[in-house]
Amino acid sequence: AAILQSEAHCMDVHAFFEKQSYRNRTIILGPNGLQSLVVPIYGRNKKQAMLEVRISDEIAWQRNHLNSLQTAYRSAPYYEYIYPELEKILLQNHTHLAEFNAALHAFFIKRLKHTLPKDSVSYDLIEGELDKRELFHPKKEKELLAPYSQVFQEKFGFVSGAGIIDLLMNELPNASTYLKQLVVR
């Protein structure tokens, strides 16, 4: 929503990696409720810029994430359009988190029919731009969103707090309009 609502935007790849943030995780809505998908990284206890963060290859996290996505969304209306592209991105051998995130961002922005944000060239704010890096954090209280159709709505009702994957799987043609009407603070 923040990207779609701003004229100029960039992804700060020079910011320090923050543990327990959305920099290496997303939330999906599965048959047991909200579920975190976390990309494991090396050196998570040391201070390092996003560009330096390496993805751990010690566990088969990609296959686990893909299985979770299939379980959660195989009956979603736009699964056939979204899943194959996500699968392709997840199965690529990304070595760095910033590279993986850039591939995901490019996919999401393309699906939302918007222009791709530029990467930052340094750890500085663009003059006149608001710092939106801390708008979204797993430990912050979630705002309740306007309901949209979800796969497990009959079981849970509408569940706020799932990531963009949930919105795209369920509301692909309306996703951009939905995000543009949200209030970003």
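Reader: Which residues of α2 are buried?

Author: This is a predicted model, in which local features need pLDDT of at least 70 and side-chain atom pairs count only at pLDDT 80 or more, while totals for chains, interfaces and linings use all residues. Residues are numbered from 1 along each chain as its sequence is written, and side-chain values use heavy atoms, with hydrogens and water left out. A residue is called buried under 20% relative accessible area, exposed over 50%, and partly exposed in between (1.4 Å probe, protein chains only). Helices (H or I, at least four residues) and strands (E, at least two) are DSSP runs, numbered from the N terminus. In α2, the buried residues are Tyr79, Ile82, Tyr83, Leu86, Ile89 and Leu90.

Reader: Where do the buried residues of α2 fall, seen down its axis?

Author: An α-helix has 3.6 residues a turn, so residues three or four places apart point the same way. The buried residues of α2 lie within an arc of 130° and therefore line one face of the helix; the arc is that of the directions from the helix axis to the C-beta atoms. On the face turned away from this buried side are the exposed residues Glu80 and Lys88.

Reader: Which elements do the buried residues of α2 pack against?

Author: They pack against α1, α3 and α5, where contact means heavy atoms within 4.5 Å.

Reader: Which residues touch the most other members of the largest nonpolar core?

Author: In soluble globular proteins, nonpolar side chains tend to be buried together. A nonpolar core is a set of buried Ala, Val, Leu, Ile, Met, Phe, Trp, Tyr and Cys residues joined through side-chain atoms within 4.5 Å. The largest one here has 40 residues, and Leu69, Tyr73, Leu86, Leu97, Phe100 and Met169 touch the most other members. Among the elements giving it two or more residues are β2 (25-30), α1 (61-73), α2 (79-91) and α3 (97-111). Beyond its neighbours within four places in sequence, Phe100 is in contact with residues including Val39, Trp61 and Ile89.

Reader: Which residues are linked in a network of salt bridges?

Author: A salt bridge is a side-chain nitrogen of Lys or Arg within 4 Å of a carboxyl oxygen of Asp or Glu. The network links Glu85, Lys110 and Arg111. Between Glu85 and Lys110, the closest N and O atoms are 2.9 Å apart. Because Glu85 lies in helix α2 and Lys110 in helix α3, this pair ties together parts that are 25 residues apart in sequence. Arg111 and Glu85 also meet in a salt bridge, at 2.6 Å from N to O.
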